[in-house]
Amino acid sequence: MLSVVVPIYNVEKYLSRCIDSIIDQTYRDLEIILVNDGSTDRSESICEKYAETDKRIKVVHKENGGLVSARKAGIRIAKGQYIAFVDGDDWIEADMYQSLMDIIEEKGVDLVDSGYIKENCGINSKQTLCTAFYNLDSNMKHKLYRALLRLDHSIKINPSIWSKIFRTELIKKCYLNVPDDRSYGEDLVNLIYCIAEASSIGQVEEAYYHYIYRNDSIVHSLNLRSLENVFELWKLCKEIILKYDQQISINEMDLVLFRQLQGVLTTWDNKEIGLLQRFIFPRMDLLFGKNIVIYGAGKVGEDYVKQISKNEKCNIVGWADKKHDVYKFAYRKVYSIEDVLNKEFDIILIAINNKKIVNEIKSELLNLKIPEKKIMWYAPHQQF
């Protein structure tokens with residue numbers, strides 16, 4: 001029997017499709033465990049409705065404890081010889097479990113992995129693996145760890161828990177070691193343990209799992225906590241891998257950690273509003289289609305220039321400050337206000353945080369015959 005654990009939290013919009021895709025599997029010997037992790041929407045009633053229609057379904061209701069604790073609750077009561085996972089907002093192809101169980105029975109591996117389809121706003125992209133089977137001696141485990149760390153590109157391995165089927169003894173031993181508060185990267189932590197404990201694994205090229213990319217997911221949010229998440233995840237991975245693999249050096253693990261943090265910072269920098277900016281102009285909509293002069297070259301002005309210049313709907317025609325000769329930036333020159341008044345502009349945006357100084361600048365601009373309707377100031381949004 002294959003036990004399928006479905007952690008569920010406030011996914012009523014997607015849940016029926018998810019459960020239907022499991023019920024409709026061509027592999028029929030299933031135990032379907034729906035773990036409602038304290039949902040506040042209709043997820044609980046949807047689970048109960050399905051339990052009434054299919055005797056293979058068990059429903060667990062628990063207080064909200066996060067994704068890891070929800071999966072653990074399902075693992076603890078699972079009766080199958082094998083365990084698989086489906087997130088409550090995803091779905092699977094009808095032949096996924098029959099295909100993977102056939103491979104497990106034929107090859108006798110401890111876990112088998114497959115590709116997946118990423119669905120993002122109607123655009124699907126298939127992520128596939130190379131069909132392969134590995135007997136895990138110490139050298140192969142070392143190669144797989146290096147592949148996970150992207151230090152070795154000769155092997156492609158997918159860290160996700162939901163694209164796999166595990167022997168129950170293996171997943172119980174490994175996943176129960178994952179900290180309950182590890183809401184980011186918990187799949188990776190689990191796989192590191194699994195590689196250490198398994199004797200053989202397999203992977204197939206075919207993609208069966210449909211992973212729904214949600215911008216509102218905690219995994220994809222960009223904030224200072226996400227930087228902490230990356231640091232905490234790879235610090236934990238470093239500790240576990242160094243415990244099991246004597247061939248990987250501390251320097252290599254530190255390099256991996258640095259690259260992961262660098263990746264987050266690069267992502268922030270590529271966003272229109274980067275979290276490394278302290279000050280954000282709150283009304284970008286008022287600048288669309290406008291030629292803009294930014295007045296003020298202090299920290300607010302510097303952050304405004306970075307923010308606004310990344311939006312193709314806006315055009316900065318000049319940057320001015322009374323102390324223009326003091327400010328030297330490699331990416332843009334600062335002029336006196338008199339020097340920029342000969343440019344065609346729709347708005348002079350005052351980039352100052354002090355309201356008293358703002359009023360003084362407004363008076364100066366009015367004295368220079370700048371129409372009041374072209375002068376704009378909003379209190380900057382301060383992020384930290």
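Contact here means heavy atoms within 4.5 Å, and with that in mind the tour goes through a predicted model.

Begin by selecting the open sheet of 4 strands, whose order reads E13-E12-E14-E15 and whose pairing is parallel. Strand E13 (315-320) and strand E15 (375-376) are the edge strands, and because each has a single partner strand, one side of each is left without a neighbour in the sheet. Next, colour strand E12, residues 291-295, together with E13, and follow the 5 bridges over which the two pair in the parallel sense; Tyr295 is found opposite Ala320 in E13.

Helix H10, residues 299-309, lies across E12, E13 and strand E14 (347-350), and runs at about 165° to E13. Helix H12, residues 355-367, lies across E12, E14 and E15, with an angle of about 155° to E14.

Stay with H10 and show its side chains: 8 of its 11 residues are buried, so the helix is largely enclosed by the rest of the structure. Among the buried residues are Val300, Tyr304, Val305 and Ile308, and also Glu302, Asp303 and Gln307. To see what covers the buried residues of H10, display the elements that include strand E11 (279-280), E12, E13 and E14.

From E11, step back into the loop between helix H9 (250-270) and E11, where Gln277 has its place. Gln277 has a relative accessible area of 4% and is therefore buried, the limit being under 20%.

Note on methods: Residues are numbered from 1 along each chain as its sequence is written. This is a predicted model: local features need pLDDT of at least 70, side-chain atom pairs count only at pLDDT 80 or more; totals for chains, interfaces and linings use all residues. Side-chain values use heavy atoms; hydrogens and water are left out. Two strands pair if DSSP finds at least two bridges between them. Axes are lines fitted to C-alpha atoms, for helices over the stretch in contact, and angles run from 0 to 180 degrees between N-to-C directions. Buried means under 20% relative accessible area, exposed over 50%, partly exposed in between (1.4 Å probe, protein chains only).
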